[in-house]
Amino acid sequence: MLVLGIETSCDETGAALYDSASGLLAQALYSQISLHDEYGGVVPELASRDHIRRLLPLVSEVLCQARLRLQDLDAIAYTRGPGLAGALLVGASVATALAMGLAIPAVGIHHLEGHLLSPLLASNPPSFPFVALLVSGGHTQIMKAIEVGRYELLGDTLDDAAGEAFDKTAKLLGLPYPGGAALAKLAESGSASRFRLPRPMMDSKNLDFSFSGLKTAVAMACAGVNLDDQARADIAASFQEAVVDVLVAKCVNAMDLTCMNTLVVAGGVGANAALRSALDAAGAGNAFSVHYPAIEYCTDNGAMIALAGALRMTSCAQTNLHRDFNSRPRWDLADQ
Ligand code: KG4
Ligand code: ZN
């Protein structure tokens, strides 16, 4: 089964081709980061308009890379939600129009399901069931993934997402949006012991998170020192260590509570090297294996949507097939 995947939920336009028999055949991505740079965050209307400009050329590009034609497709998967309403509508309308013209199904995919399944694109994929840590710009969740399409929410953030906390802290340190990767780079030259930042909810009995207080603690640390290059690097390292400590502690608790031995990490913050090495160490010490997508598939992309579409079409009774312009800007992954 050959599936075209389309991702337009936020500020990245992605297209990819995934074949159930031979895997990922092609993928192309256009990042709007420079478009939103001067505003310090994503401007929804600009995002929608740019998706309109970029999407069809990206679809042509992946077909050309794989030497295939639209007529070869068996289904089109698109991100149905959650995300920016206008941006989602661009992907939904292009996907459903193309699918209708080709008389093939259009499959609406939950963006976080795409992230959650993205480690299956790797050469050593995890098998179900597993626990998933989803850490993106908009979400921080721990899910139990029983099989494709069956997910249970175990923990969620009460306020900011981990990626959002990285981005807001990066802004306080004068780094451009989105600041996660830049903050991680800055942290490499800093000392995590100079500023003792809180570990919010680390000792709570549940698997929920809270990151907004950490951002406030960073703002206070910035205000209390001469913010030279070394102080910025030290704050970045201290902040990163606090987030990593909380995420790792909650994952270890989740593995204990579920008695599972496979952890999957996905979403943009999953690209963070400090988080990866701390989780690897926790996995080695607590007898669970940890799986990540390749760095390029941690942040938003079309490949994870094409993969999720192919898996839903082949191995799952519940698919979201639509012939209308259907998007769900707010949508729980457990509510399929
Ligand atoms: O999954 P994603 O592309 O978008 C959403 O679905 O939200 O994640 C983007 C987030 C941003 O907040 C970005 O700053 C963060 O992932 N991020 C990182 C790193 N690379 C991206 N955070 C920490 N360390 C990184 N290396
Ligand atoms: Zn995402």
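Reader: Where is A162 placed, and is A162 buried or exposed?

Author: This is a predicted model, and what follows is computed from it. A162 sits in helix α5. Its relative accessibility is 0%, so A162 counts as buried; the cut-off for that word is under 20% relative accessible area.

Reader: How many residues separate A162 and V243 along the chain, and what is the distance between their C-alpha atoms?

Author: Along the chain, A162 and V243 are 81 residues apart, while their C-alpha atoms are separated by 7.4 Å.

Reader: What do the corresponding values look like for E7 and V90?

Author: E7 belongs to strand β1, residues 2–7. With 0% relative accessibility, E7 counts as buried. E7 and V90 are 83 residues apart in sequence and 9.6 Å apart in space, from C-alpha to C-alpha.

Reader: Where is D50, and how far is its C-alpha atom from that of A106?

Author: D50 is in helix α2, and at 3% relative accessibility D50 counts as buried. D50 and A106 are 56 residues apart along the chain, and 22 Å separates their C-alpha atoms.

Reader: Which class of accessibility does L227 fall into?

Author: L227 has 33% relative accessibility and so counts as partly exposed; that class lies between the limits of 20% and 50%. L227 is found in the loop between α7 (212–223) and α8 (229–258).

Reader: Which phi does R67 have, and where is R67 found?

Author: R67 is not a glycine, yet its phi is positive, about 55°. R67 is in the loop between α2 (44–65) and β4. Its relative accessible area is 78%, so R67 is exposed.

Reader: What is the phi of A103?

Author: A103 also is not a glycine and has a positive phi of about 55°. The loop between α3 and β5 (106–110) holds A103. A103 is exposed, with a relative accessible area of 64%.

Reader: Is the peptide bond from G81 to P82 cis or trans?

Author: The bond from G81 to P82 is cis, and its omega is near -15°. P82 lies in the loop between β4 (75–81) and α3 (85–102). A cis peptide bond also joins F128 and P129, with omega about -5°. P129 has its place in the loop between α4 and β6 (130–135).

Reader: How are the angles at a metal read?

Author: The ideal angles are 109.5 degrees for four tetrahedral donors, and 90 or 180 degrees for six octahedral ones.

Reader: How is empty space found in a structure?

Author: Rolling a probe the size of a water molecule over the atoms shows where empty space is left. Here the largest pocket holds about 1400 Å³ of space. Of the 48 residues that line the largest pocket, S136, G137, G138, G163 and D167 are the closest to its centre.

Reader: Which helices supply the lining of the largest pocket, and what classes of residue does the lining have?

Author: Helices α4 (111–117), α5 (162–172), α6 (180–187) and α9 (273–286) each supply at least two residues of the lining. The most comes from α6, with 5 residues. By class, the lining has 21 nonpolar, 16 polar and 11 charged residues.

Reader: Why does the largest pocket lie between domain 1 and domain 2?

Author: Domain 1 (2–117 + 297–315) and domain 2 (127–292) both give residues to the lining of the largest pocket, so the pocket lies between them.

Definitions and conventions:
Residues numbered from 1 in each chain as written. Chains lettered and ligands numbered in written order. Predicted model: local features only at pLDDT ≥ 70, side-chain atom pairs only at ≥ 80, totals over all residues. Heavy atoms only, no water. 1 Å grid on protein atoms, 1.4 Å probe; cavity = no way out; pocket = protein on both sides within 12 Å on 5 of 7 lines; lining within 4 Å. Points joined across faces, edges and corners; volume = space filled by probe spheres on them. Helix = DSSP H or I, 4+ residues; strand = E, 2+ residues; numbered from the N terminus. Nonpolar A, V, L, I, M, F, W, Y, C, P; charged D, E, K, R; others polar. Domains from an automatic or database assignment. Buried < 20%, exposed > 50% of the residue type's maximum accessible area, 1.4 Å probe, protein only.
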